[in-house]
Amino acid sequence: MAETSTMSERSVTRFLTARRGGGSLHWTDIFSYVYLALGVALMFGPVVWLALSSFKTPAGLQEFPPTLLPLGQIERSVEGYDDPLPMFKVTMDDGTVRELAQIRRIGIIAQMVDPENPDETIKVPIASREPIREFRVAWENYTKPLERFNFLTYLNNSVIVTAAATLVTLLINSMAAFGLAIYEFRGRNAVMLFVIGTLMIPITIILVPAYLVVTELGMVNTLWAVILPGAATPTGVFLLRQYMLTIPRDLIEAARMDKASEWSIYWRIVLPLSLPAIAVLAIFSVMWRWNDFLWPLIVLNRSEVYTLQIGLNAFQGELDVQWHYVLAMTVVALIPVTLVFAFLQRFITTGIASSGMK
Amino acid sequence: MKNRLHMTLAMGVAALGLMAGNALAETELRMTWYNDGIEGEVMRGILDKFEADNPDIKVTLDVVPYKAILESLPVQLAAGEGPDIARVTDLGGLSKYYMDLTPYISDPAYWEENFGPFLKWLRQPGDTSSISGFMTQLTVTGPYVNKTLFEQAEVEMPGEGATWDDWAKASKEVADKLDIPIPMAWDRSGHRVAGPAISMGAKMFDADGEPALVDDGLKLMATKLYDWHQDGTMAKELWGSVSGSQYLGANEDFANAKVVMYMSGSWQIPQFADTIGDAFDWWAVPAPCGPAACTGMPGGASLVALKTSKHPEEVGKLMDYLSSEEVLGEFYGKTLFIPGHLGLASKGVDFATDDPRAKHALSTFSSAVPSISPIAFDLQGYVNNRVMFNALISRLGEAIVGELTLDQAFDRMTQDVEQQIAEKKRGG
Amino acid sequence: MALEDTTRSKSDSGPSLLNAIAAWPVRVLFTILDVPLRGLQRLLGIRAMPYVFILPNLAFFGLFVVVPLFINFAFSVTGGTNLYLDDRPFVGLEQYGFLFDCGNYLDPTTCREDRFWRGVFNTFTFVFFQVSLIVLFSLITALILNREIRGRGFFRAAFFFPVLLSPVVVALIWKWILLRDGVLNAFLVSMGLDPVLYFVSPTWSMFWAIFVSVWAHMGFYTLILLAGLQAIPPDLYEAAEMDGTKRERVFFRITLPLLWPNMLVVIVLALIKAVQIFDEVFVLTGGGPGTATQFIVQYIYTTGFSNQVQNFGLAAAASVVLGVVLFVLTLLQLAASRRKDEA
């Protein structure tokens, strides 16, 4: 199978890739590789930068220009001082370079001391000193906020919500798509129009009315409140239906001849053939649910039902953001998605590509 | 095979998780809380002691992002889905959801005596007697300066009674000499501007007690802020970015010595003690003056009992415990919060810090409380004060970036306040 | 024949994994459901079956989307700040009148509710540039990925990676880069240029809002276009090659027309997404400076939700207006695509 695929792809692309005269690169080849290299750097670069930054100390984050790797300043304990002092490389007035420990900094002057000779205090303009640093990872950016809340409970809730919501979505969306794709019936166009019309409605604008409905149903502070409301996604119905339209009708007619029930046509014939599109929807559903923030924030206000996204944001107070925690928690939120990506990337891309969405 | 197992497991766990909410024996109280610093941990420690004394009551602390306190909690309360107790900052705005604790607490006189002026903030207009909660912290707005930079630049710090203009000029001078990027920064918050505006003569209310945001005093303050942004005394990064009434602070920039003078408030003390330490002398200074007064704004967060609670007796018991002088003293002391308890305020709280800067700041802000203008107290107690703050900050922000002229901004402020209050009055 | 080969092989390439995961419990579930549904079919006849299939989805949809939409509409014709409709006085079209109270519709400062109109204009600007750029870059990327390139699978995946990130994460990643002391300014300084305060400048803020959302979403559209490119029958290209047709001509005469259905999907979806833009930009720029990147959805969100006086009525009116505009846009799109199909 794979061979057929490459064969046909090759012929598809021959016109673009044909290197005329054999061997000599056409400008489009060079352009392609340059474009792709830049593209990869642009797609991953920011995320890598975020991850690297998340291991820096608050002081390290403030540095300008920033360093690539997380560095920590070397500290030495000096006689006569309770706490270890940070070490600097100082260019003295006479041009010599000394390694001194800083006692304190006052404006543009630093009071420094030579660890070998702790009695004498030396005043140095801050412009002429440079911290001596080593590679050091600030794990506390991660451990501190994670200690503050019940990480495992939130993780568990998020997994339950994501899994349950995705299953419900796949089931009811695929059924509806089947109904809309396979049959001609009265009201079909109306329903389709409706589906497409509501494709466009962002949850943000019906937040409060939707909350009222959920309250009336008594679902506030249960995980159902986050699982069910988003299950009937119009996007999913649209995507699956478009795919199911491409399934040959002969197959269905033949099954009917064999007295298969409509339900078994649905799950024995149409569903298996629609798997690529279903896989796409599954991936999207997982993403949506995992990343959901605004809605859970309203319907869940008890810590035992918090999802991870609420938990990760719970340390943000009235004060301004503390970047070292924000960055670390962003990385934590990123990890599951990146893992999904790493394991399923081949599958994701072929799935979406072959679902076609014509 | 493995996949199958996972699937069944996940489903089983799902079913369990969904049912877990119902299986609790003793009375459980829910307290919705947000954190600026370590106060959640301190509160948890106190609650543990309470639970040990009262084995039949369990208190769960639901820590939420501050955003949820401002945005989600009001909707939840309106739908009758709130917790038993919550830590809130929109004191007047939510007052219709507060429970009157009077029948459930042991000594209402103690509350009146020690929380008197703050109880008013929690009451609806017309109500003079209800007791709904106490202040987890009293805050006072006021500026900090980087004293070290002043010394460095050999510029003298303006002394007692100095005006905002004096401070602005001095900060600019320091910044120019030492090449500091931001001479002066104010939190992007209407509450922060209100104090100085009152100092400039703003009255905030008309003779009938109705809100009258825009008057000559406010115009004077707003014009100064506008000019400072144009001449570089203030950086546009706070007021000139983001839209509407969103809050932005300059605490990180101040902590990194990029700001000479920072207008914020007493709640920054624990954070500065932690992040700045002795890196430089961060110094709280008394509220600078205008022609009318030298005042900051009082404020703070309050722990309130809510009507939605089904266990008022237990809530009363808990609030009694938490508000006792001993427990509250411990709480304020550990969190470095200015006491919202008159007894403790006059006796003094034993703050858990050795930092001379923090001690100085705490005493500066504590001693500023008596000199706060009555207008500022009234404004803080006014139910729709955030409507006024939001109109002020969002329109002034639009003027500073040049979308509106100052005069247009003033008109819009008046309009915004009128419209929102009219909407609120419609259908009660 | 070749075409059929391609589709065959594609539909078989990935799903074995999903098959394995889903196989057993799903089969049991469906087999059990088969009994009542077979009965239902016998009872109601085959003509009723489509309704049976769409019913569960429609029920959920009705409950959690349609009912809220109606409540939303009811909000828009009532006033006050109460949550329950019983407590909200009927005000007719007042909220709408308020929104449309303008001296000159092209100048937001003359409007009673100036922020709404600023939101409308900002949204137009954003949608225009964002959708054009998404279409342009997805097309270029798809064309390149369609070539015979080493590591094509990896490159495809790489462009898709940002699609998986949540809007908040996307915004935080870029905000961290664009801050005053961020890495981009460090780069500018190292090149001898002055650092730029991006979020203080209206133009830069809009630029980055567009850039970041193109960055985050183009991977998805690239894959849709790639699928379209791969479905173009190779014979056509072979024939063109034999005729010695120029590449550019082949592109405009064969590739582009045959890609049109996929292009249409991309344009429609990108347009819908762009009009709905909210969280990404909200976290990135906060809608500022001033109101330079404040879009309609943000206006609705702040008016109805994050202001102290939660003005549900006005927010609902604005969302109804938005909904009507979107619906008309969709109808136009559908009409256009139908005409195209017929032609």
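This is a predicted model: local features need pLDDT of at least 70, side-chain atom pairs count only at pLDDT 80 or more; totals for chains, interfaces and linings use all residues.
Helices (H or I, at least four residues) and strands (E, at least two) are DSSP runs, numbered from the N terminus.

Two residues are in contact if their C-beta atoms, placed from the backbone, lie within 7 Å. Chain A averages a pLDDT of 80, and 85% of its residues score at least 70.

For my own bookkeeping, residues are numbered from 1 along each chain as its sequence is written, and chains are lettered from A and ligands numbered from 1 in the order in which they are written. Local features need pLDDT of at least 70 and side-chain atom pairs count only at pLDDT 80 or more, while totals for chains, interfaces and linings use all residues.

**Chain A overall**

I found 15 helices and eight strands in chain A. Of its 358 residues, 46% count as buried (20 or more other C-beta atoms within 10 Å of the residue's own, C-beta atoms being placed from the backbone). I also looked at contacts in chain A between residues at least 6 apart in sequence; 66% of them join residues at least 24 apart.

**Domains**

Domain bounds come from an automatic or database domain assignment. Chain A is split into domain 1 (71-135) and domain 2 (150-314). Their centres, taken over C-alpha atoms, are 61 Å apart.

Chain B has domain 1 (18-138 + 300-356) and domain 2 (140-298 + 364-425). Here the centres, over C-alpha atoms, are separated by 29 Å. In chain B, 18 residues of domain 1 touch 16 residues of domain 2. On the domain 1 side, helix H4 (108-121) and strand E4 (133-146) of chain B each supply at least two residues.

**Chain C against chain B**

I counted 33 residues from chain C and 33 residues from chain B in this contact. On the chain C side, helix H2 (16-44) and helix H13 (296-306) each give at least two residues. H2(C) gives the most, four residues.

Notes
pLDDT is the predictor's confidence in each residue, from 0 to 100. A residue is buried if 20 or more other C-beta atoms lie within 10 Å of its own, exposed if 12 or fewer, and partly exposed in between; C-beta atoms are placed from the backbone.
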